[in-house]
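Open the structure in the viewer and follow the stops below in order. Each one says what to select and what is there.

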Amino acid sequence: MAPCSLATEQDGEIQADLVVIGGGPAGMQAALVAARARRQVLLIDGGTPRNAAAPALHTFVSRDGILPADFRRLGLAELLRYPTFRFGRGLVEAIKGEAGAFQLKLSGGKKVRARYVILALGLVDTLPDIPGLKENWGKGVHHCVFCDGYEQRDRAWGLLVKDLSALEHAPLFRGWTADLTVFTQGLPVPEADLARLGEQGVRVESRPIREIRGGSGDHRLAGLLLEDGTELPIETFWVAPDQRQPPLVESLGLDLREDGAVQRSETCETSKPGIFAAGDLSAGRMQQAILAAADGSRAAFSIIRELMVRSRA
Ligand SMILES: Cc1cc2nc3c(=O)[nH]c(=O)nc-3n(C[C@H](O)[C@H](O)[C@H](O)COP(=O)(O)OP(=O)(O)OC[C@H]3O[C@@H](n4cnc5c(N)ncnc54)[C@H](O)[C@@H]3O)c2cc1C
């Protein structure tokens, strides 16, 4: 038996052992494992990574500070060296069928048959509706202190909290700056919390923000304007965006966890047999490129084992 097989096109349909949907770190890593295991793997990517607005990708050892676009370019170049790997730019619009015999419909009408699917589609961020926030997203406005805190260290930081439970995380940010103000957008903060945060060197501002003002050059904000006209010299602002699953995941009706992440088994399989999930969409709070990549490996290992050892197909 020939141990490797190629993604083939028959009667206008592409056939593959595995289709990986999403070409971020999770999807590229999953595809790399599968290609190196000599399985026919097709990676389809819409080209809209979550970190598209960021000037650099940090905290990924050996790639710390790389441009997000360069990270993807390097990953894809590595993948294209493998003869059983194929890549398509576009969207997967629908998935039908079952483990061993999935049919995928791609934008533009192409059809794909696959034995297994890995969903690595990332998440959709919805930013708070504050004027100026979107324009500075990934530059002076950030969400992950472990990703971008170091570059913004020792500046005047603002942290937006959606509810009072988030206040307990505020002291974490003091590891990067001594100048930290928490913004509650009008939410009153109990005296006990104010006193505790004050002891930890954290200021609390309940007056709502009217506008976030971008700065020039080095990703430093010019400041915040409050509803009452007060200007505050905040240079870096942190928010936790609301997040939802991408439309394709919603359309599949998969079981989700309470925090909205895709529910998976230990082998990364979702509630629909044969469909696996990796990366941010199943991560919960810990969302980082290197974690997504590791997750892609785990999902691919499981599928390769299925294909080679206990095939259900
Ligand atoms: C502003 C910002 C800055 C960040 N900075 C860092 C950082 O410095 N360091 C770090 O480690 N992490 C950082 N992150 C987090 C990091 O970007 C994510 O954890 C990581 O990208 C998740 O990888 P993923 O592969 O799960 O998803 P993504 O990288 O989001 O990739 C998902 C891909 O799936 C594609 N897709 C979606 N739907 C479809 C479909 N139907 N068909 C085909 N393709 C589809 C999208 O186009 C996208 O390309 C940052 C995030 C943001 C928002």
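Start with residue I212 and L224, which is its bridge partner in β14. Strands here are DSSP runs of E with at least two residues, helices are runs of H or I with at least four, and both are numbered from the N terminus. This is a predicted model, in which local features need pLDDT of at least 70 and side-chain atom pairs count only at pLDDT 80 or more, while totals for chains, interfaces and linings use all residues. Residues are numbered from 1 along each chain as its sequence is written, and side-chain values use heavy atoms, with hydrogens and water left out.

Two strands count as paired if DSSP finds at least two bridges between them.

Next, select the open sheet of five strands, whose order is β9-β16-β10-β11-β12 and whose pairing is parallel. At its edges are β9 (141-142) and β12 (202-205), each of which pairs on one side only. Two bridges link β9 to strand β16 (residues 236-238) in the parallel sense. Within β16, look for F237, which stands opposite V141.

Now go to strand β7 (residues 111-119), which runs parallel to strand β2 (residues 13-21) and is joined to β2 by eight bridges. V117 in β7 stands opposite V19. Strand β6 (residues 101-106) pairs with β7 over four bridges in the antiparallel sense, and F102 is found opposite A114 of β7. β6 and β7 form a hairpin with four residues between them. In the turn, G108 has a positive phi of about 95°. A further parallel pairing, over three bridges, connects β7 with strand β18 (residues 275-277). There, A277 in β18 is the bridge partner of L119.

Which residues come nearest to the ligand? Select D45, T48, H58, D280 and A289, which come nearest of the 36 residues around the ligand. A residue is near a molecule if one of its heavy atoms lies within 4 Å of it. The shell around the ligand divides into 17 nonpolar, 14 polar and five charged residues. In this count, Ala, Val, Leu, Ile, Met, Phe, Trp, Tyr, Cys and Pro are nonpolar, Asp, Glu, Lys and Arg are charged, and the others, Gly among them, are polar.

Then display distances between N or O atoms. A backbone N or O atom of P25 is 3.4 Å from an oxygen atom of the ligand, and a polar backbone atom of G46 lies 3.0 Å from a ligand nitrogen atom. In the side chain of R72, an N or O atom is 3.0 Å from an oxygen atom of the ligand. Of the 980 Å² of accessible area that the ligand has on its own, the protein covers 97% (Shrake-Rupley method, 1.4 Å probe). The elements giving two or more residues to the shell are α1 (25-36), β3 (41-45) and α6 (289-308).

Finally, colour by domain, with bounds from an automatic or database domain assignment. The ligand lies between domain 1 (8-125 + 242-308) and domain 2 (128-238), because both give residues to its shell.

Conventions
A polar contact is a pair of N or O atoms within 3.5 Å; within protein, one must be able to donate a hydrogen and the other to accept it, and residues adjacent in sequence count only if both atoms are side-chain atoms.
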